[in-house]
Amino acid sequence: MTIAPYSLFDTYKKHILNLPTPLEVNSFKNEQFILDQDEKKHLEIYYAPFEYINENAKVLIVGITPGLHQMKQAYSTVASFKENPASDQVILHEVKKQSSFEGPMRKNLIAMLDELQLHSYLGISSTSELFNTASNLVQTTSVITYPVFYKGKNYNGSTPNIINTELLRKYIIQNFAQEIMRIDNPLIIPLGVNVSKVLTFLGENNYLNSNSILHGFPHTSGGNGHRHKQFAENKEEMKQKLKSYFG
């Protein structure tokens, strides 16, 4: 278990700890924490401490990018160590546990993974354990590991095109691809078609093993009204994929 090689936590930790509490969005979603932008494409990338890598993970669950809710949760988690200092690795691990797919999205994710019987292959009673007692089995991440906003709103991976946009592709290759290469051939679960497209692109360019991708899994956001239909359509194929992967 380690800190990502691209980590900027050293640079931003003191700024986060100095933020006033309770946290207000405008205190961290501002120029102090902006990493990159493309004004023509209306894109902004902000810092957030999602930089912990579980190199022993058996499963890699991948979203598009942390949203504003996860960003705030991550900052709040770091701030909670102000009075009780800990090592950077401990802090960043706690950020992952507290913030990854936190909220309704996590509930939907667990329900679908349990329906696929992933927990039985991992030797646990439910995939809910991946977010607490069995967190050693999972790495949760995003193809763009830092929060991305399009026209000020959470970026959804489609507009602008995630692969064809130079700024986004740079972060995919420099951060996410490097993260994957530190984990030994995990089962990769892409949340939604846009994540699948990125993984296909990386597989074609030899950054990962395409045979370990569980294609067909929907994005589990409550805003994805098609998720139940998508899951039902791909359920049997995904079950077969798990059987062959773990077989």
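This is a predicted model: local features need pLDDT of at least 70, side-chain atom pairs count only at pLDDT 80 or more; totals for chains, interfaces and linings use all residues.
How many residues of E5 are buried? The count is 5 of the 5, so the strand is largely enclosed by the rest of the structure.

**Stop 1: the sheet around E5**

Together with E5 they make an open sheet of 3 strands in the order E6-E5-E9, and the pairing is parallel. Which strands stand at the edges? They are E6 (138–142) and E9; each has a single partner strand, so one side of each is left without a neighbour in the sheet.

**Stop 2: from E5 to E6**

Zoom in on E5 (residues 59–63) and E6, which run parallel and are joined by 5 bridges. Pick Leu60 and look across to E6, where its bridge partner is Gln139. Then move along to Gly63, which stands opposite Ser142 in E6.

**Stop 3: from E5 to E9**

Next, look at the pairing of E5 with E9. Here 4 bridges join the two strands, which again run parallel. Select Val59 and you will find Leu187 of E9 opposite.

**Stop 4: a helix across the strands**

Show helix H7 (residues 166–180) next. H7 lies across E5 and E6, and runs at about 165° to E6.

**Stop 5: the bent helix H9**

Finish by selecting helix H9, residues 227–246. What is the distance between its end C-alpha atoms? For this helix of 20 residues they are only 25 Å apart, short of the 28 Å that a straight helix would reach at 1.5 Å a residue. Follow H9 along to Lys235, where the helix bends by about 55°.

Lys235 is also one of the buried residues of H9; the others to pick out are Arg227, Phe231, Met238 and Leu242. What do these buried residues pack against? Display helix H5 (104–115), helix H6 (118–122) and strand E9 (187–190) to see their packing partners. With E9 you are back at an edge strand of the sheet where the tour began.

Technical notes:
Residues are numbered from 1 along each chain as its sequence is written. Side-chain values use heavy atoms; hydrogens and water are left out. The expected span of a helix is 1.5 Å times one less than its number of residues. The bend at a residue is the angle between axes fitted to the seven residues ending there and the seven starting there. Buried means under 20% relative accessible area, exposed over 50%, partly exposed in between (1.4 Å probe, protein chains only). Contact means heavy atoms within 4.5 Å. Two strands pair if DSSP finds at least two bridges between them. Axes are lines fitted to C-alpha atoms, for helices over the stretch in contact, and angles run from 0 to 180 degrees between N-to-C directions.
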